[in-house]
Amino acid sequence: MNEHEEVFILSYGCDLDHSNIDYLVKERLLPFSHWTNKKRPKETDICVRYEVFDINPKKHKQLYYGHKFYINKMRLEAFMYSLSKLKGNLVYVHPKVRGHVNVYIDDLEYTGRVYQTLVNDQKLIFIDEESENNFT
C-alpha cells in the first residue's frame, strides 16, 4: 500500500461562512472520505484532515473531526483556493499535533484545543466549550 502525504488544514475565525464551507467539503472532499470509500481511491497521494473552529459559540461545530479525505494535489489546490475566498483564517497545521490544554485566566481554569502551525511552528490555542468556566 502506498504511503500518503498527510495534510492537516484548519479554518478558524469568528462567524465563519459555514454554509459555503459545508458545500465545499461535501462537493470536493466528502466523496473521497474514508467513511464513504472503504478502499482508498486510485491516483491519490494526499490524505487530508480538515477542521473548522469558529470562536462564535453559536456557530461552533466539529463536523469533520476524524474524517480523512484521499485526494490528489490538484484537488487540494482547488479546495484551498476556494476556502481562501471565504471569511476567516486558513492554515496548515502539523498533522500529528492536536491536543487539549488547560489555561488559567484570572485564577479561573479554561480548557482549549491546541494546534501547531507548519510555518514558524506557532501554537494556536482556542478556548472550547468543554469546561464550565468557558461559558462565563
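Two exercises with worked solutions follow.

The model is predicted: local features need pLDDT of at least 70, side-chain atom pairs count only at pLDDT 80 or more, and totals for chains, interfaces and linings use all residues. Residues are numbered from 1 along each chain as its sequence is written, and side-chain values use heavy atoms, without hydrogens and water.

**Exercise 1.** Determine which residues of helix α1 (residues 18–29) are buried, and where they lie around the axis.

*Solution.* Step 1. Helices are DSSP runs of H or I with at least four residues, and strands are runs of E with at least two, numbered from the N terminus. Buried means under 20% relative accessible area, exposed over 50%, and partly exposed in between (1.4 Å probe, protein chains only).

Step 2. In α1, His-18, Ile-21, Asp-22, Leu-24, Val-25 and Leu-29 are buried. They lie on the same side of α1 because they cover an arc of only 160 degrees around the axis, taken from the directions from the helix axis to the C-beta atoms.

Step 3. Exposed Ser-19, Tyr-23 and Lys-26 sit on the face of α1 turned away from its buried side.

**Exercise 2.** Describe how the axes of α1 and α2 (73–84) are arranged, and which residues meet.

*Solution.* Step 1. Axes are lines fitted to C-alpha atoms, for helices over the stretch in contact, with angles from 0 to 180 degrees between N-to-C directions. Those of α1 and α2 come within 11 Å and cross at roughly 170 degrees. The two helices are therefore roughly antiparallel, a label for angles over 145 degrees.

Step 2. With contact defined as heavy atoms within 4.5 Å, Ile-21, Leu-24, Val-25, Arg-28 and Leu-29 of α1 meet Ala-78, Phe-79, Ser-82 and Leu-83 of α2.

Technical notes: Angles under 35 degrees count as roughly parallel, over 145 as roughly antiparallel, 65 to 115 as roughly perpendicular and the rest as oblique.
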